[in-house]
Amino acid sequence: MGQPLNIGIIGCGTIVAAYLATLPKLKAVKLTTAADLDPARAEAVAQKNPGVRALSVANLLASDQVDLVLNLTIPVAHAEIALQAIGAGKSVYNEKPLAATTREGRTLLDAARAANVRLGCAPDTVLGTGIQTARKAIDDGLVGSPISATATLATPGPEPWHPNPDFYYVPGGGPLLDMGPYYISALVTLLGPVASVIGAASHTRTSRTIGSGPRQGERIPVSTDTHVTGVLVHTSGALSTIFMSFDAVATVSARIEVHGETGSLVVSDPNRFDGDIRLRTLGAKDWETLPVSAGYVESSRGIGLEDLANTAQGHEPRAGGQLAFHVLEVMESLLASAREGKAVAIESRCERPPAVPLS
Ligand SMILES: NC(=O)c1ccc[n+]([C@@H]2O[C@H](COP(=O)([O-])OP(=O)(O)OC[C@H]3O[C@@H](n4cnc5c(N)ncnc54)[C@H](O)[C@@H]3O)[C@@H](O)[C@H]2O)c1
């Protein structure tokens, strides 16, 4: 392995702590700098992480200590920051979703290709042992030919615990754009790309109340759908039914199930890296828990950066821009289908990312 990839973080809010816990454990990347619109947040990261410098966004983008910008800003800022980074000759790894719209996402893919830099994107949870063990079970034929899947997120929304939940309730947010990347990236990893979608959507409340932090009790407006449901028609012919809601209380449904001709799988939470995968084959009396057989063991948020750094130049990283763009188009098309009341064809195609051997 050569020199580690030098990372500069832009956006030091809630999720930065998860990356700061992972990055020191990774060999192929090194955190050098941090920036935020609020300089005190970048300063706090530098203070707690020896060797990391706090810079302005402009100075971080100009720094020769940065090979890749880890973009942890809010979704509406993802494209703008990523384009600036690409313009400065840096590779980029965005938090999800890739961008707030497919139009912005397409601009990012084109700009990265033209500048010959890498474009990666969360979620990297699909590289963990949970989803990868499920994928191996499907690829090894344990459920027979895959026919269908379900994906269920049923929560009351993030405002009870997130101190600044505004971005969840504007276009680019909502349960679909916020949590859909985990579920749809997992469905594409398990069953392949999507050819068309049918969606329906609603929102039940026009405002939400912040439940924690300095703004506790403040009401924030809702301008996006908070319950989205739909069907994804995979190019393989398999059908996935999704249910993404910030308008529910709780559920006992599996986060993801996959059903094949001869078996059914209960898949782990796609917002986690690990978790049990359970199989029940036709005629069996009970479920069996499969041994962990694939994926990055004991991984956490940031492993996608290590995977990108270890992917040969000219090859798409597993947590890559093309998969993230396909997922973004699927999500936007579900909302378009809901508005228009008809099926929407998906134009982009992506390869299933290569499987992750047990490592
Ligand atoms: N909070 C979570 O649990 C969580 C989990 C997984 C992924 N994510 C994703 O991580 C991203 C960030 O979420 P968060 O919860 O940390 O948000 P946050 O609002 O807590 O933090 C975002 C930070 O980005 C900064 N910022 C915004 N626009 C900027 C700009 N143009 N230039 C520089 N800095 C800018 C803000 O000042 C803030 O410090 C989102 O894409 C979200 O979907 C969040």
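Which element gives the largest share of the shell around the ligand? Keep that in mind for a moment, everyone. What you see above is a predicted model, so please hear every number today as computed from that model.

Okay, the answer is H4, which brings four residues to that shell. H4 is a helix that covers 75-87. Helix H7, at 174-191, also supplies at least two shell residues, as H4 does. In total there are 26 residues around the ligand, and the nearest ones are Thr14, Ile15, Asp36, Arg41 and His162. If you sort the shell by class, you get 14 nonpolar residues, six polar ones and six charged ones.

Now for a few polar atoms. Ile15 has a polar backbone atom 2.9 Å from an oxygen atom of the ligand. With Lys96, again we're looking at the backbone: an N or O atom there lies 2.9 Å from a ligand oxygen. His78 uses its side chain instead, with a polar atom 3.0 Å from an oxygen of the ligand. And how much of the ligand does the protein bury? Taken alone, the ligand exposes 820 Å², and 89% of that is buried by the protein.

Let's talk about empty space. Rolling a probe the size of a water molecule over the atoms shows where space is left. The largest pocket is the space that the ligand takes up, and it holds about 1000 Å³. Its lining has 40 residues, with Thr14, Ile74, His162, Phe167 and Tyr168 nearest the centre. The elements giving two or more residues to that lining are H4 and H7. H4 gives the most here, with five residues. By class, the pocket lining counts 20 nonpolar, twelve polar and eight charged residues.

Besides the pocket, what about cavities? The structure has two of 30 Å³ or more. The largest cavity contains about 90 Å³ of space. There are 16 residues in its lining, and Cys121, Ala122, Pro123, Ser185 and Ala324 are the ones nearest its centre. Which helix gives the most to this lining? That would be H9, with five residues. H9 runs over 321-340, and both H9 and H7 supply at least two residues of the lining. The classes here are twelve nonpolar, two polar and two charged.

The second largest cavity has about 30 Å³ of space. Among the residues lining it are Val126, Leu127, Thr189 and Arg318, along with Pro353 and Pro354. That lining divides into five nonpolar residues, two polar and one charged.

Last topic: the backbone. Most residues other than glycine have a negative phi, and most peptide bonds are trans. So where do we find something else? Pro97 sits in the loop between strand S5, at 91-94, and helix H5, at 102-115.

There's also a cis bond joining Ala122 and Pro123, where omega is about 10°. Pro123 belongs to the loop between strand S6, at 119-121, and helix H6, at 129-139.

And then there's Asn116, which isn't a glycine but has a positive phi, near 55°. You'll find Asn116 in the loop between H5 and S6.

Methods
Residues are numbered from 1 along each chain as its sequence is written. This is a predicted model: local features need pLDDT of at least 70, side-chain atom pairs count only at pLDDT 80 or more; totals for chains, interfaces and linings use all residues. Side-chain values use heavy atoms; hydrogens and water are left out. A residue is near a molecule or strand if one of its heavy atoms lies within 4 Å of it. A polar contact is a pair of N or O atoms within 3.5 Å; within protein, one must be able to donate a hydrogen and the other to accept it, and residues adjacent in sequence count only if both atoms are side-chain atoms. Accessible areas come from the Shrake-Rupley method with a 1.4 Å probe; for residues, only the protein chains shown count as cover. On a 1 Å grid over the protein atoms alone, a cavity is a set of points where a 1.4 Å probe fits but cannot get out, and a pocket is an open set with protein on both sides within 12 Å along at least five of seven lines; lining residues have an atom within 4 Å of a point. A molecule sits in a cavity or pocket if more than half of its atoms lie within 2 Å of its grid points. Ala, Val, Leu, Ile, Met, Phe, Trp, Tyr, Cys and Pro count as nonpolar, Asp, Glu, Lys and Arg as charged, and the others, Gly among them, as polar. Grid points are joined across faces, edges and corners, and a volume is the space filled by probe spheres set on the points.
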